Amino acid sequence: MTVAHQYDTYTEFPDGRIAVPLHDRQAPTLPGDFAADLRFVLDCVEQLAAGCNPDVDHRELPAGLLGSLDPRRMGAFGWSKGGTATACATLADERIRAGLSLDGPMQMNPPLAGDLGRPFMMMSAVFNRATDPEAAALWSHLRGWRLNIQAQGAVHVSYGDNEALFPQVAKLLGWSGQQLQDVIGTLDPDQAVKIQQAYPLAFFDEHLRHRRGHLLDGPSPAFPAVTFLP
């Protein structure tokens, strides 16, 4: 399931209205707002699992969807502010059995309250515990299984599609190597994409599907850029 957060992206409603990104501090685009969106989606997943159709217009759903989801094995992850929202929602809602943040800036309002005893993983780049007090504060509240990794040479956009897209843009626009590096860092784009795919999958496989592998145990020769932070 993916979430199109109103006013943070272009969102088309069933009646044809389109909400556009709104750069307004009063707009409901804070991590807490995103977390509320996510919890609404969890409500819908539970309805789907029970065989109900949550579509606002009661349109026919994809074949096989009704009753196929297991609400006892729901996880959440997000990048940047989405990672912060994931932490907020995981702290607030026990239906999220495991949460993962892709370089989320953990500036929460209201501040953190209470500890989290369920699995949580942080994939850091710019917002790392060494330089970001909020990330360090979240880490101190994680009382269950926890893991913090960082890809050397990664920047904030390194855990997303930009790692694959911007090298193509650079060729089209004639960017220099330094211009591209300023945008996506020094992490090899091919390695970055594989890291994005492998580590979240290993995390959710272990904690939602109970399929234990060894990728999360420590450094891997397949991913030499990934560092495990104590």
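Tutor: Start with Ser 101, which is found in strand 4 (residues 96-102). Keep in mind that this is a predicted model.

Student: Why is Ser 101 called buried?

Tutor: Its relative accessible area is 2%. Buried means under 20%, so Ser 101, at 2%, is buried.

Student: What does Ser 101 touch, not counting residues up to four places away in sequence?

Tutor: Ser 101 touches Gly 78, Gly 83, Met 106, Phe 120, Met 121, Met 122 and Met 123. Ser 101 also lines the largest cavity, together with Asp 103, Gly 104, Met 106, Met 122, Met 123, Ser 124 and Phe 127.

Student: What makes a space a cavity and not a pocket?

Tutor: In a cavity a 1.4 Å probe fits but cannot get out, whereas a pocket is an open set of points. The structure holds one cavity of 30 Å³ or more, and about 30 Å³ of space lies in the largest cavity.

Student: Which element gives the largest share of the lining of the largest cavity, and how do its residues divide by class?

Tutor: Strand 5 (residues 120-124) gives the largest share, three residues. By class, the lining has four nonpolar residues, three polar and one charged.

Student: How much space lies in the largest pocket, and which residues lie nearest its centre?

Tutor: About 1400 Å³ of space lies in the largest pocket. Its lining has 37 residues, and Met 1, Thr 2, Gly 75, Ala 76 and Phe 77 lie nearest the centre. Helix 1 (31-49), strand 3 (74-79), helix 2 (81-92) and helix 6 (189-208) each supply at least two residues of that lining. Divided by class, the lining of the largest pocket has 20 nonpolar, ten polar and seven charged residues.

Student: What about the second largest pocket?

Tutor: The second largest pocket holds about 850 Å³ of space. It is lined by 22 residues, and Thr 2, Phe 40, Val 41, Cys 44 and Pro 54 are the closest to its centre. Strand 1 (11-12) and helix 1 are the elements that give two or more residues to this lining. The largest share, six residues, comes from helix 1. The classes here are 15 nonpolar, three polar and four charged.

Student: Turning to rings, how many aromatic pairs are there?

Tutor: The count comes to five aromatic pairs.

Student: Why is the pair of Phe 77 and Phe 204 called tilted?

Tutor: The ring centres of Phe 77 and Phe 204 are 6.0 Å apart, and rings pair if their centres lie within 6.5 Å. Planes under 30 degrees apart count as stacked and over 60 as edge-to-face, with the rest tilted. The planes of Phe 77 and Phe 204 are at 50 degrees, so the pair is tilted. The pair links distant parts of the chain: Phe 77 is in strand 3 and Phe 204 in helix 6, 127 residues apart.

Student: Are Phe 77 and Phe 204 buried or exposed?

Tutor: Phe 77 has a relative accessible area of 53%, and exposed means over 50%, so Phe 77 is exposed. Phe 204 is at 15%, which is set against a limit of under 20% for buried, so Phe 204 is buried.

Student: What makes the pair of Phe 166 and Trp 175 stacked?

Tutor: The planes of Phe 166 and Trp 175 are at 25 degrees, with the ring centres 5.9 Å apart. Stacked requires planes under 30 degrees apart, so the pair of Phe 166 and Trp 175 is stacked. Phe 166, at 23% relative accessibility, counts as partly exposed, and Trp 175 is partly exposed at 25%.

Student: Which residues do ring pairs link into a cluster?

Tutor: Ring pairs link Phe 77, Trp 145, Phe 203 and Phe 204 into a cluster.

Student: How do you know that the charged end of Arg 17 sits over the ring of Phe 13?

Tutor: The charged end of Arg 17 is 4.5 Å from the ring centre of Phe 13. The rule asks for CZ of Arg within 6 Å of the ring centre and within 35 degrees of the ring normal. Arg 129 likewise lies over the face of Trp 139, at 4.2 Å from the ring centre.

Student: Lastly, why is Thr 9 called partly exposed?

Tutor: Thr 9 has a relative accessible area of 30%. Thr 9 lies in the segment before strand 1.

Methods
Residues are numbered from 1 along each chain as its sequence is written. This is a predicted model: local features need pLDDT of at least 70, side-chain atom pairs count only at pLDDT 80 or more; totals for chains, interfaces and linings use all residues. Side-chain values use heavy atoms; hydrogens and water are left out. On a 1 Å grid over the protein atoms alone, a cavity is a set of points where a 1.4 Å probe fits but cannot get out, and a pocket is an open set with protein on both sides within 12 Å along at least five of seven lines; lining residues have an atom within 4 Å of a point. Grid points are joined across faces, edges and corners, and a volume is the space filled by probe spheres set on the points. Helices (H or I, at least four residues) and strands (E, at least two) are DSSP runs, numbered from the N terminus. Ala, Val, Leu, Ile, Met, Phe, Trp, Tyr, Cys and Pro count as nonpolar, Asp, Glu, Lys and Arg as charged, and the others, Gly among them, as polar. Buried means under 20% relative accessible area, exposed over 50%, partly exposed in between (1.4 Å probe, protein chains only). Contact means heavy atoms within 4.5 Å.
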